[in-house]
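Here is a friendly tour of the model on your screen. Keep the viewer open and follow along as we go.

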Amino acid sequence: MKIIITGRKCTPRDSFKEHAEKKLQKVERFFDDSAEAKVTATVEKSCQIVEVTVATRGMIFRSEERAQNMNEALDKCVDSLIRQIRKNKTRLEKRLREGSLDSVIIASEPEEEELDFNVVRTKHVSVKPQSVDEAILQMNLLDHQFYLFRNAETDEVNVVYKRQDGGYGVIVPEAE
C-alpha cells in the first residue's frame, strides 16, 4: 500500500511519519498493493486533526479525528477505519480481494454483521436547474445538511452540503 503523508499549516515530523506507517500496517492487510492511503495532518489553535483516506478499487474509506496531539488522533483514525471495515465486512468482501477479510481475525470486539441496509424512507424530489448559490440558500431555508439540485451551468445533478468547519461543499459526479 502506498502511503502519502501531508501537512496543512504544519510539517509532520519524521516520528509522526514513522508512527503513521506503523499504524497503517494494521489497515494494510485488508487491501492489496494497489491501495493508496493519504494521511493529512492539520494544526488548529486548540487541537490537531488527522484525516486518513484509503482508496482502492473504486472504494474509499475515510476517517477524521481530533486530539491534543497528532499521534493520538492518528490512533483514533486507524481504529475507526478498522471498525468501518469490520462492520461492513460482508458487503466489502465482494469488492475487495477474495477472502482477504476472512483471513484476518481481529480480537478485541465481536463482529457486527449487518445483512441489509434498513431503508426507512424513500423520497422523490424534483431536481430543477439552479446555481450553486441558489442551492445553498434553498438548503439553508430547509435547514438540511445537504441539498440535491441540477447545476444550471453544467446541467449535471450535484449535491451541496454543510461542512463541519462551517463552510459548504459541492459534490460533482465524475464518469469512470
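## An open sheet and its helix

Let's start with an open sheet of four strands, which are ordered 5-6-7-8 with mixed pairing. Its edge strands, each pairing on one side only, are strand 5 (129-130) and strand 8 (168-171). Strands here are DSSP runs of E with at least two residues, helices are runs of H or I with at least four residues, and both are numbered from the N terminus. Two strands pair if DSSP finds at least two bridges between them.

Strand 7 (residues 157-162) and strand 8 run antiparallel and are joined by four bridges. Val160, for instance, has Val170 in strand 8 as its bridge partner. Helix 4 (residues 132-142) lies across strand 5, strand 6 (146-151), strand 7 and strand 8, and runs at about 150° to strand 6.

## About the model and the whole chain

This is a predicted model, in which local features need pLDDT of at least 70 and side-chain atom pairs count only at pLDDT 80 or more, while totals for chains, interfaces and linings use all residues. Residues are numbered from 1 along each chain as its sequence is written, and side-chain values use heavy atoms, with hydrogens and water left out.

The protein chain has four helices and eight strands, in the sequence pattern β-α-β-β-β-α-α-β-α-β-β-β. Of its 176 residues, 32% are buried, meaning under 20% relative accessible area with a 1.4 Å probe, protein chains only. Take the contacts (heavy atoms within 4.5 Å) between residues at least 6 apart in sequence: 39% of them join residues at least 24 apart.

## Two packed helices

Two packed helices are described by the angle between their axes and the distance between the axes. Helix 1 (residues 14-28) and helix 2 (residues 70-87) pack at about 15°, and their axes are 10 Å apart. Axes are lines fitted to C-alpha atoms, for helices over the stretch in contact, and angles run from 0 to 180 degrees between N-to-C directions. Helix 1 and helix 2 are therefore roughly parallel to each other, a label for angles under 35 degrees.

The residues that meet include Phe16, Leu24 and Val27 in helix 1, and Leu74, Val78 and Leu81 in helix 2.

## A closer look at Val54

Is Val54 buried or exposed? Val54, which lies in strand 3 (residues 48-56), counts as buried because its relative accessibility is 0%. Leaving aside neighbours within four places in sequence, Val54 is in contact with several residues, among them Met1, Val27, Phe31 and Leu81. The C-alpha atoms of Val54 and Lys2 are separated by 9.5 Å, although these residues are 52 residues apart along the chain.

Terms used. Buried < 20%, exposed > 50% of the residue type's maximum accessible area, 1.4 Å probe, protein only. Parallel < 35°, antiparallel > 145°, perpendicular 65-115°, else oblique.
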